[in-house]
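Work through the exercises below with the sequence and coordinates at hand. Each task is followed by a stepwise solution.

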Amino acid sequence: MTPTPPDDSRGSIAAACADEPIAVPGAIQPHGALLAVTEPALAVVIASANAAEVLGDDARELAALLDPADLDRLRAGLAGDLAELNPLRVSVGGRDLDLVVSRADGLLLTEWEPVAGAEQAGAAWHRRLPAVLQRLSATTSLDELTAVLASDVRELTGFDRVMVYRFDAEWNGEVIAEDRRADLEPFLGLRYPASDIPAQARALYATNWLRLIPDATYRAVPLQPATHPATGRPLDLSGAVLRSVSPVHLEYLAAMGVVSSMSVSLIDGGRLWGLIACHHTSGPRRPSYADRVAAEFLGRTASLLLHTTVETAERGDVVGVAQRQAALVAALGRSPRRPAAALIEGPVTLLDLLPAGGAAVRLDGRLHLLGSTPPAERVLELVPALLATGQPATDALGRVVLSAADVADTASGLLAVEVGGAPGDFLAWFRPETLRQVTWGGNPHEPKLVEGASGPRLSPRRSFAAWVETVRGTAQPWRDHEVAAASALAAHLTESALHRAREDDRLAAVLQRTLLLEELPPVPGVALAARYRPSAADVVGGDWYDLVPLPSGRISIVLGDVAGHGLAAASITAQLRHALRAHLLRDRGPAAALGSLGELIAALLPGELATAVVAELDPATGEVAVASAGHPPVLLATADGVRLLRDGRGPALGLQEHAAYAEARVRLTGADRLLFYSDGLVERRDVPLTDRLDALRAAAGSAGAGPDALLDAVLAALDPPDTDDVTLVGLGRT
């Protein structure tokens, strides 16, 4: 097997193809003549060198060439749709010609093709056209449609071989249907590389439905003058029927032994889908204009049927995928809080949705694998890499993500779709490598550049013998309906996640309102104040505060903060609040209560983290015992100044299974006040914590008397960001 040419060779070939002047060749084929004329005078500006030979006159105006009746018909037709005018049968010098007109570069192009010498299918075939169309419309599969099309076009045009040629995603072509002379070698099933029909040639096929070369051995007829007098550029012949074709294409036909060829485009949804390629090896062949129009009509009809025919063939697969998708959506509806389980544990799983060797689902940051997949760490690498390319699916992952070459046995094919919710969530399916043998019509890697007298030039392949290539690193391609089903399931998961988030936020808000006292209960001899400011993101946090009267007559003031946000944090907050109340009511002091709460978290809520500060006040004496579990230090404001209580602090709740907490003790006298606050007050990404604590002390030192004035002054001075909840509780004596 010949290796693929190096990149610089392919680049040279691509550049040479792009430079081929196929739209402006400056010449026509010799089976007709071309006159480019002005409007409305119809004065000749450019003429093909054979005009006098074909038309029998070297006229400079069409008025001198056509008889008055034909001239009147032409002028009348020019005022309307040219497609309805073409062809206009005229007589010039006693010869019947088909006149075809189009417009380009500000001129009217008139092309004159003698009727004599053209092969005619005859009126009998044209009378059967309704039956032919009915036969096309009655087909139920792509194979049947293309086989009927090849047969009917060959019967109409008389070519030795008629093929239906389909392009793949990379513009390689495959012969999928063929009708041929019995003694010719079959081409059915052969593939041809994209370079055989360069991009600019495909662009012309997408706009010009039919192209005819009656004799591939022709000598091109130049236009005179060679350039447009008004623009100085060659005349644009991209829409001309007689346009001369690339010399490279003529060499290509000669190498295949083809003397005459015709092609009709097949277009699906505005995109070139394939070609009806007609070849004649036994000599020149020029079907009549009427027969060519009929062939084009068959091509247009088949083009309209393509999409429906392909859909019909795939309908069984489409319905099966849709049924499995519906089953997964139903399972998600039954377990809205456990979407991953619904996708991997039910009778229909994510892997069942599409034909695949393995599947992966990452929801809420957790990865689950089904079937045969790359290792988990590779899945987390490969899926984002494919998504970053902007394409959801590939059947050759190693060509898109170069690092994937080593997992071809499980992931030559990858289809991945993002799921809204936690960042990085996705659904993915994997297909293993499928070794394929592809039979090409000649070696597709044969160089196309040869050295000519004036340097390198394009040259077609010389061999078209069947050439078999083993293709590795590719999987069964993903179909459009499979990609659509994956995207739809991901969209459903995203919408469900958003709905759950909205519902969770609503429930969390309700739950948190039960944790935040609407007003602090009055306590004789004690002044209390509290403030709660939710985050601007409208996401419920884990802040809570509480006041617990104790059997001894003392009171406990609590401020806590559970890690996280939303319903999960709110539910943990509720559990910790009630558990801490129970431990405080034992009246063994704040340090003992926090130690017992830490043990409870370790036993019943492993993995959860929280901070809390508890102050126990004796209203009669002003004695206060303070214990802190990882919480910001309590602020004490007295007549002598402001300080932070650094004593009595221990680790956050949930960090250690058994933690001992100490207590700091102070006595409140006169206007002394204590301030408890959550970290949302003092933490700010762009300012060191020490600076914020200094600002807190300064604000407290300048505040007015009483807890309310203290809280207002602190909030105004620190102006905490709205990215987190902020909770403050102030305490003093009256």
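**Exercise 1.** State which strands helix α14 lies across and give its angle to β17.

Solution. Helix α14 spans residues 376-388. Helices (H or I, at least four residues) and strands (E, at least two) are DSSP runs, numbered from the N terminus. The helix lies across β14 (358-363), β15, β16, β17 and β18 (426-431). Its angle to β17 is about 75°, with axes fitted to C-alpha atoms, for helices over the stretch in contact (heavy atoms within 4.5 Å), and angles running from 0 to 180 degrees between N-to-C directions.

The model is predicted: local features need pLDDT of at least 70, side-chain atom pairs count only at pLDDT 80 or more, and totals for chains, interfaces and linings use all residues. Residues are numbered from 1 along each chain as its sequence is written, and side-chain values use heavy atoms, without hydrogens and water.

**Exercise 2.** Derive the strand order of the open sheet and identify its edges.

Solution. The order of the five strands is β15-β14-β18-β17-β16, with antiparallel pairing; strands pair if DSSP finds at least two bridges between them. β15 (366-371) and β16 (393-394) each have a single partner strand, so one side of each lacks a neighbour in the sheet. β16 pairs with β17 (residues 413-418) over two bridges. Threonine 394 has leucine 414 of β17 as bridge partner.

**Exercise 3.** Find the contacts of isoleucine 276 beyond its neighbours within four places in sequence.

Solution. With those neighbours left aside, the contacts of isoleucine 276 are Leu149, Val153, Val162, Met163, Met262, Ser263, Val264, Leu266 and Gly299.
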